Amino acid sequence: MIPDTKSSWLSTLRHDVPASLVVFLVAVPLSLGIAMASGAPLAAGLIAAVVGGIVAGALGGSAVQVSGPAAGLSLVVVDLVQTYGWRATCMITLLAGAVQLLLGVFKAARAALAVSPAVIHGMLAAVGVIIALAQLHVVLGGSSQRSAVANLIELPGQIADLHGHKVAVGLLTISVLALWTRLPKRVKVVPAPLVALLVAAGTAWAFGWDVTRVDLSHSVTEWAFPVLPHGDWHLIVGAVLLVALLAGCESLLCCVAVDGMHGSRRADLDQELTGQGVANMVTGALGGLPVAGVIVRSTANVQAGGRSRWSAILHGVWVLVFAIGFGWSIKLIPLEALAALLVFIGVQMVNLGHIKKVHGHGEVPVYVVTMVTVIVLGLAEGVVVGLILAALLALRRLTWVTVLKREGVDGRLHVTVSGSLTFLGVPRLTHELRTIAAGTAVDLDLNIDFMDNAAFEAIHSWRLDHERMGGMVDIDELHDEWYTLAASGARMFPVKSPPKVPDRWWLPWSHRRRPVRPSAPDSTEAECLLTAGAREYHRRTAPLVRPIFTELARKQQPSHLFITCADSRIVPSLITASGPGDLFTVRNIGNLVPRRGSEPHDDSMVAAVEYATQVLGVHTITVCGHSGCGAMAGVLSGGVQAGSLPGLRRWLRHGNHSLATFIETEGDRLHSGALDVLCRVNVQQQLENLRTYRKVDEQVRAGKLELVGLYFDIGSARVHMVPPLPGGRAQVGSGRVSAASE
């Protein structure tokens with residue numbers, strides 16, 4: 001049963017049937033060309049197209065991928081046909097399908113994706129070069145040689161001995177293919193390969209050119225039941241595994257690529273591998289080429305609007321109908337035109353987009369070495385060499401250690417070690433550490449994700465030697481504490497762990513994993529913590545933010561005046577996700593803004609407001625209160641909680657308007673949440689107080705200045721917007737208290 005529950009018959013008729021016709025028109029010429037390149041009967045290409053469409057389309061795990069004979073496998077098939085014969089090659093294809101079926105049943109599809117794409121792309125590029133060189137001889141009127149090197153050597157002689165009509169047909173085919181890609185999109189609805197073959201066949205017939213015609217008679221009579229190949233069993237097993245793995249990898253990589261082209265359900269890779277296995281068993285039994293997911297047909301299917309597996313299945317049906325009812329028309333196609341089509345396909349297999357991708361990941365050597373080795377030595381040898389080189393490069397990256405040194409402004413040497421510390425990186429690590437002069441104070445930062453025993457011994461021995469020679473070493477681990485665990489004798493597991501929560505600036509000192517200890521016996525604790533914090537800033541943060549502060553040193557241009565409480569739990573840059581130069585910040589007890597002309601007189605806030613609005617030109621003034629504010633508790637108590645602090649009692653008088661507004665809205669009865677309500681009301685009142693200053697009020701009325709109220713709930717660590725007072729003048733908020741993030 002076909003699991004196609006998402007598509008209705010109406011959707012199938014509207015989208016999948018037209019898409020299947022487009023894919024069918026692409027598939028027929030490509031299938032014939034790939035069969036020709038594979039040294040197989042031409043009918044084998046059509047059989048593979050039918051089976052790939054119907055069987056793999058129905059049983060596979062992708063909704064839109066189209067399977068069929070793949071150019072990437074042609075090099076393997078040519079070698080198998082020449083070594084074992086066509087009937088034995090069909091048996092190898094059948095057995096390879098059984099291997100794929102088993103791999104799919106045992107959920108091994110994901111393992112195939114572990115193969116470096118650079119190896120696959122390099123292999124396909126080499127196959128493209130080999131196909132192009134071989135078929136170029138046919139285009140020029142000759143015959144291809146057994147190897148790519150031989151084809152390259154014989155090419156000059158073949159060019160010197162041109163065959164007029166045959167060359168003309170080939171060049172005409174290539175010209176149409178190249179021209180068709182530049183035409184408007186509505187014209188390109190008709191596939192270029194079909195147009196090129198029709199033009200070549202029609203021109204050759206009209207002018208009576210002497211060309212070689214495609215002959216299907218032998219393709220039909222040559223079919224017989226597959227037979228077991230004769231030869232060394234280990235070579236036969238290797239051939240079966242090679243076909244299974246190459247076809248499987250190509251199908252799965254194509255499947256992943258096609259997933260990014262459509263919005264339907266993602267493919268089930270294990271089911272796809274199972275479907276490919278069954279399809280290869282069927283095509284092998286029927287005398288067809290090996291089947292794999294084909295990116296050209298799949299892309300055509302998606303672009304034509306295919307939405308379900310019915311487009312792939314129907315394309316196979318159309319190929320079957322064509323082969324049975326119109327197979328005679330294939331005899332009109334010049335063989336040189338098919339060869340020219342293969343030359344064009346081979347050149348396109350050297351994909352510049354793939355080269356750019358592997359270049360971005362530093363894998364061009366793998367791509368080039370794989371391609372050259374496949375061309376010179378063979379496909380299996382090239383893939384093995386490519387895999388070995390990819391593994392060596394990956395090992396080099398995983399074990400590469402970088403050691404950066406810089407002199408700090410405090411006279412200490414800052415050394416940062418990054419990477420994975422294994423025994424392979426120990427020589428470089430010890431070389432760099434031994435260049436540090438004796439007696440130097442060193443801050444050693446270990447930004448590593450793994451450390452083995454050899455690396456630990458190297459660092460630990462160097463540390464002991466350096467300290468014995470009068471130096472100082474302070475080790476700080478930015479990732480997991482590999483060194484600390486090893487030094488304590490704890491068991492270490494040989495896995496790379498994800499980074500833990502950063503032990504950095506936004507954590508309170510009391511919450512750091514490495515508590516700061518006094519550096520001088522006569523210093524107070526606060527002084528020691530601040531000094532240590534400044535030292536950490538110089539070590540970690542200053543180098544990162546120096547370019548920003550160099551620019552800010554010329555002029556400050558904040559966009560916000562931020563008025564908040566002096567409470568130590570409020571960190572403006574943290575709760576607003578702002579950085580240096582963003583906020584012009586004023587802090588006082590209770591985030592109060594004295595009204596114009598109020599007593600006791602205070603110019604500090606007025607001066608900040610005037611400077612921010614008239615000199616700095618800020619666009620926003622924000623008043624930020626917070627829960628559990630001690631200043632508001634003092635206001636709520638009528639100054640009693642201020643006790644014997646006369647300055648504080650005088651300052652809190654500026655909060656009397658907030659208290660009056662609170663009493664007006666809440667009444668004179670206190671409740672459990674009264675303090676936090678007053679904290680919110682106080683923010684609203686301070687926004688009103690700002691409007692008592694003429695310049696501020698004028699800018700707000702003109703739309704040049706916005707007043708914003710914020711309330712920070714310390715317990716939940718959430719910031720809320722505070723609406724204006726009912727009937728008030730400050731145009732802020734949305735009329736309700738809501739989470740700023742919502």
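Contact means heavy atoms within 4.5 Å, and helices (H or I, at least four residues) and strands (E, at least two) are DSSP runs numbered from the N terminus. This is a predicted model, in which local features need pLDDT of at least 70, side-chain atom pairs count only at pLDDT 80 or more, and totals for chains, interfaces and linings use all residues. Residues are numbered from 1 along each chain as its sequence is written, and side-chain values use heavy atoms, with hydrogens and water left out.

**View 1. Packing of helix α11 (residues 233–259) with helix α12 (residues 269–286).** The two helices pack at an angle of about 135°, their axes lying 10 Å apart, where axes are lines fitted to C-alpha atoms over the stretch in contact and angles run from 0 to 180 degrees between N-to-C directions. α11 and α12 are therefore oblique to each other, the class left over once angles under 35 degrees count as roughly parallel, over 145 as roughly antiparallel and 65 to 115 as roughly perpendicular.

**View 2. Residues joining α11 and α12.** From α11, G248, S251, L252, C255 and V256 meet L269, E272, L273 and Q276 of α12. By class, this contact has 5 nonpolar, 3 polar and 1 charged residues, with Ala, Val, Leu, Ile, Met, Phe, Trp, Tyr, Cys and Pro taken as nonpolar, Asp, Glu, Lys and Arg as charged, and the others, Gly among them, as polar.

View 3. S418 is buried, with a relative accessible area of 18% (buried means under 20%, exposed over 50%, partly exposed in between, with a 1.4 Å probe and protein chains only). Neighbours within four places in sequence aside, S418 is in contact with W400, V401, T402, N447 and I448.
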